Each structure stands twice: as structure tokens, then as C-alpha cells.
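The following paragraphs accompany the structure shown below. They treat its pockets, and then several individual residues.

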Amino acid sequence: MELNADFSQRVVVHSDQLEWNASPMPGVDRRMLDRIGGEVARATTIVRYAPDSKFSAHTHTGGEEFIVLDGVFQDEHGDFPEGTYVRNPPTTSHTPGSEPGCTIFVKLWQFDMEDRNQFRKSMAEELLPPVNGVATAELHRDARETVTYSQLDAGARLTNADDGGIEMLVINGSVTESGETLGKGAWLRLPEGQHMSFVAGPSGAKVWVKTGHLPHAKAPAV
């Protein structure tokens with residue numbers, strides 16, 4: 001399967017407008033944003049766990065990165081409440097689920113295969129003091145990519161001119177980018193060579209941004 005697999009194109013997906021699609025596990029549904037591959041795929045996805053649902057135990061051969069958007073994600077390593085950022089690099093394993101239910105934004109098969117840096121962070125606790133109405137936390141940085149979380153006051157502007165492509169998820173609020181309003185759940189991917197600039201809406205915005213990673217995009221080595 002290929003979905004939004006041309007990384008030379010600008011892509012916007014208003015994920016809250018998509019239908020939920022069932023996964024192989026009962027009670028776990030998905031909204032696919034981009035994908036290269038079948039059930040084993042380089043994928044960016046919104047995943048919803050119904051209360052008391054779980055996924056089967058598995059190893060992350062290509063790594064897993066996710067944000068808890070609402071509810072509480074759970075596995076044998078603990079509880080991960082809303083606002084948690086998690087990196088599970090290649091070779092890690094777990095049995096994910098959620099007693100209360102949750103929704104996560106998850107990226108699979110997008111790690112350096114030698115990465116072994118596993119961690120979790122509360123995104124809000126990492127924020128630095130705001131500058132011109134924008135407070136930002138650097139969640140992760142390595143030779144391949146930089147990952148940040150920002151909270152913007154109403155009308156504040158955020159720009160990014162990093163090389164290697166840019167990806168952004170609106171976690172809450174809204175922004176205006178290239179004349180288009182992106183509300184909660186909107187996902188934007190800009191190709192190499194394009195810069196990002198947007199203004200937060202009347203309720204402000206919370207956004208997750210990744211840069212530098214698109215030159216490394218490829219199908220999983222199954």
C-alpha cells in the first residue's frame with residue numbers, strides 16, 4: 001500500500017474528517033496519514049484504542065515514535081497520559097493497550113536502525129519560556145532529525161527553515177499556513193526545500209514538528 005508516498009509533494013490531511021478504519025486487533029482503529037507497505041509499513045497514523053482494548057505483544061523492528069493525544073496509553077512499562085512523547089527504538093518490545101481508552105499519533109519504521117535511545121517525556125514539562133508568544137520544547141535531536149513541541153498564543157507566528165523536509169501535527173487549536181486553516185488533528189508535510197510559516201488562530205495552538213527526516217524515508221526492510 002502507498003498513501004501520500006511522494007515525499008516531493010506538499011501534503012495536508014485533516015485527520016479529524018477521516019473515517020476510522022479497523023486494525024487487525026478488535027477495538028483498535030486507525031486513520032492513516034502516510035504509508036509505504038502492508039501491515040509492516042513505514043507509516044504515520046492516528047490510532048484509537050477503545051476502553052479495555054490492547055494490541056498483541058510485538059517487537060519494534062523499525063522503531064516506534066508516538067504522542068498520546070488523549071486518554072492514557074498503557075503497556076508493561078507504565079502509564080503514558082495525554083501529552084506524553086515516547087520513542088521506542090529498534091529491538092524494543094511491548095504489549096500496548098488502554099483500560100480507559102486513548103488516541104495516539106504514531107510513526108513506525110522511521111528510525112536509524114542503530115538507534116537505541118529509548119525514552120518518554122512530558123512535552124509540557126520540557127517547554128522553555130515563551131518568546132514572542134511561542135514556547136518551544138526540543139523533544140529529540142540526532143544527526144537525522146529534530147523533533148519539537150510548541151505552544152503558541154493567539155496570533156503568534158512560528159517559522160521553520162530547516163533542511164530535509166518538515167512535518168507538523170496540530171494537537172490543539174488551529175493555525176493558518178499558506179492561506180489554509182489547519183485545525184485540531186491536521187497534519188502537514190512539506191518537502192525538502194520548502195520552509196514553514198504559520199500563525200496561530202484565535203484560541204492559540206499546540207503543535208508537534210519534525211524536520212530533517214525526509215531524505216531517509218524508504219520502505220521498511222522486511
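What volume does the second largest pocket have? The second largest pocket has a volume of about 380 Å³. Of its 23 lining residues, L69, D70, E82, I171 and K184 are the closest to its centre. Strand 8, strand 16 (146-152) and strand 18 (166-177) are the elements that each give two or more residues to this lining, and strand 18 supplies the largest share, four residues. By class, the lining of the second largest pocket has ten nonpolar, seven polar and six charged residues.

This is a predicted model, in which local features need pLDDT of at least 70 and side-chain atom pairs count only at pLDDT 80 or more, whereas totals for chains, interfaces and linings use all residues. Residues are numbered from 1 along each chain as its sequence is written, and side-chain values use heavy atoms, with hydrogens and water left out.

A pocket here is an open set of points on a 1 Å grid over the protein atoms alone, where a 1.4 Å probe fits, with protein on both sides within 12 Å along at least five of seven lines; lining residues have an atom within 4 Å of a point. A volume is the space filled by probe spheres set on the points. Strands are DSSP runs (E, at least two residues), numbered from the N terminus.

The largest pocket has a volume of about 540 Å³. It is lined by 27 residues, and E39, F55, H58, H60 and L108 lie nearest its centre. Strand 5 gives the most to this lining, with five residues. The lining of the largest pocket divides into 14 nonpolar, nine polar and four charged residues.

Individual residues can now be considered. R120 is found in strand 14 (residues 119-122). R120 is partly exposed, with a relative accessible area of 40%; partly exposed lies between buried, under 20%, and exposed, over 50% (1.4 Å probe, protein chains only). Leaving aside neighbours within four places in sequence, R120 is in contact with residues including H77, D79 and F80, contact meaning heavy atoms within 4.5 Å. The side chain of R120 reaches the backbone oxygen of D79 at 2.5 Å.

Two residues in loops have positive phi. D52, in the loop between strand 5 and strand 6 (53-54), has a phi near 65 degrees although it is a residue other than glycine. D52 is exposed, because its relative accessible area is 63%. W109, in the loop between strand 13 and strand 14, is not a glycine either and has a positive phi of about 60 degrees. W109 counts as buried because its relative accessibility is 17%.

How values were computed: Ala, Val, Leu, Ile, Met, Phe, Trp, Tyr, Cys and Pro count as nonpolar, Asp, Glu, Lys and Arg as charged, and the others, Gly among them, as polar. A polar contact is a pair of N or O atoms within 3.5 Å; within protein, one must be able to donate a hydrogen and the other to accept it, and residues adjacent in sequence count only if both atoms are side-chain atoms.
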